[in-house]
Amino acid sequence: MNNDFSRRVAAVTGATRGIGRAISLAFLEQGATVIGVYGSDQAAADRLRLESGFGEDVLRLKQCDVADYAAVSRLFAEIEVEFETIDILVNNAGIRRDGVVAMLKHDDWQRVLDVNLTGSYNMAKHAVLLMLKQKYGRIIFITSPMSRLGFAGQANYAASKAGQLGLMHALAKETARRKITVNCVSPGFIETDLITSLPPEQLVEYKKMVPMRRFGKPEEVAAAVCFLAGERAAYITDSVLEVTGGI
Ligand code: NDP
């Protein structure tokens with residue numbers, strides 16, 4: 001069942017590739033206006049514009065490093081001028097820079113925390129100020145089962161994803177009385193650049209871990225996000241929806 005997002009403005013980070021691209025397209029197809037935030041890949045942004053067929057009126061693409069608080073403040077200043085407010089925020093932008101802790105460079109620890117966790121705070125903080133005023137909002141963090149599994153070599157990534165859960169728990173309680181819901185979607189192994197760049201033998205091992213014996217599709221994650229962003233999920237807050245094929 002589709003949602004009617006025709007009066008809704010949704011900001012999606014990491015909107016131009018992988019899961020974020022599928023989420024943006026799903027919102028657009030259900031009538032939303034989308035502010036699509038991307039990091040540095042201008043070609044991917046251009047491809048989304050061209051391939052989706054959605055124009056500037058409903059798909060506004062904006063370059064912004066979510067880890068940079070000042071840049072996020074400037075982004076929201078623009079959003080307020082152009083849209084007044086937003087109704088939905090999906091904190092999807094994420095990176096991984098793997099390495100076992102003993103060998104992990106401090107920069108790689110810090111950058112993953114900065115983008116995945118601090119980026120989520122930077123966006124949520126600005127969004128929630130607008131949502132509190134209008135007494136309505138949907139905030140969704142894209143976390144990961146790594147937050148509880150913690151594979152060797154992914155301490156920075158696992159910590160950042162576990163941190164998003166803590167952020168969700170507190171923010172959900174702070175906003176619940178204003179009709180703002182705060183939830184997480186936790187995808188398993190999803191076919192995007194983030195995992196297809198891994199060595200083939202590692203992908204074979206990962207697939208064996210999935211009870212359904214297949215990787216998920218970005219569109220399957222987008223469907224869960226759209227559900228939580230819709231009117232029918234009004235009584236769901238502070239929860240994690242797993243889209244993992246059973247992991
Ligand atoms: P991709 O690598 O395919 O895409 C990442 C997106 O994030 C890109 O649009 C990228 O933009 C954007 N991005 C990266 N850094 C920044 C930044 N500093 N500021 C703004 N945007 C940024 O990743 P996925 O689609 O696979 O992952 C999306 C989310 O889902 C992530 O949070 C990831 O941790 C999570 N996830 C993914 C899983 C998977 O199996 N794929 C499993 C579990 C969770 P640009 O290219 O312009 O830099």
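The dialogue below walks through several features of a predicted model.

User: What conventions apply to this model?

Analyst: This is a predicted model, in which local features need pLDDT of at least 70 and side-chain atom pairs count only at pLDDT 80 or more, whereas totals for chains, interfaces and linings use all residues. Residues are numbered from 1 along each chain as its sequence is written, and side-chain values use heavy atoms, with hydrogens and water left out.

User: How many helices and strands does the chain have?

Analyst: Helices (H or I, at least four residues) and strands (E, at least two) are DSSP runs, numbered from the N terminus. In this chain they come to nine helices and seven strands.

User: What does the radius of gyration say about the chain?

Analyst: The radius is taken over C-alpha atoms, and the globule rule is 2.2 Å times the number of residues to the power 0.38. For 247 residues a compact globule would have a radius near 18 Å, and the chain has 17 Å, which agrees. The C-alpha trace spans about 45 × 35 × 35 Å along its principal axes.

User: What percentage of the residues is buried, and what percentage of the contacts joins residues 24 or more positions apart?

Analyst: Buried means under 20% relative accessible area, exposed over 50%, and partly exposed in between (1.4 Å probe, protein chains only); buried residues make up 51% of the 247 residues. A contact means heavy atoms within 4.5 Å, and of the contacts with a separation of 6 or more, 75% are between residues 24 or more positions apart.

User: How is a pair of aromatic rings described, and how many aromatic pairs are there?

Analyst: Such a pair is described by the distance of the centres and the angle of the planes. Rings of Phe, Tyr and Trp (its six-membered ring) pair if their centres lie within 6.5 Å, and planes under 30 degrees apart count as stacked, over 60 as edge-to-face and the rest as tilted. By this rule the count comes to six aromatic pairs. One of them joins F5 and F27, whose ring centres are 5.3 Å apart with planes at 80°, so the pair is edge-to-face. That pair links distant parts of the chain, 22 residues apart, with F5 in the segment before strand 1 (9–13) and F27 in helix 1 (residues 18–29). F5 and F27 are both buried.

User: Why is the pair of F151 and F189 tilted?

Analyst: The ring centres of F151 and F189 are 6.5 Å apart and their planes stand at 35°, so the pair is tilted. F151 lies in the loop between helix 5 (146–149) and helix 6 (155–175), while F189 lies in the loop between strand 6 (180–187) and helix 7 (193–196), so the pair ties together parts that are 38 residues apart in sequence. F151 is buried at a relative accessible area of 18%, and F189 counts as buried at 9%. Together with Y206 and F215, F151 and F189 form one aromatic cluster.

User: Which residues does D108 contact, leaving aside its neighbours within four places in sequence?

Analyst: D108, in helix 4 (residues 106–134), is buried with a relative accessible area of 17%, and with those neighbours left aside it is in contact with R97 and N156. L113 is also found in helix 4 and is buried at 13% relative accessible area; under the same exclusion of neighbours within four places, L113 is in contact with T118, N156 and S160.

User: Is S186 buried or exposed?

Analyst: S186, placed in strand 6, counts as buried at 2% relative accessibility. Not counting residues up to four places away in sequence, S186 touches T143, S144, P145, V240, L241, E242, V243 and T244.
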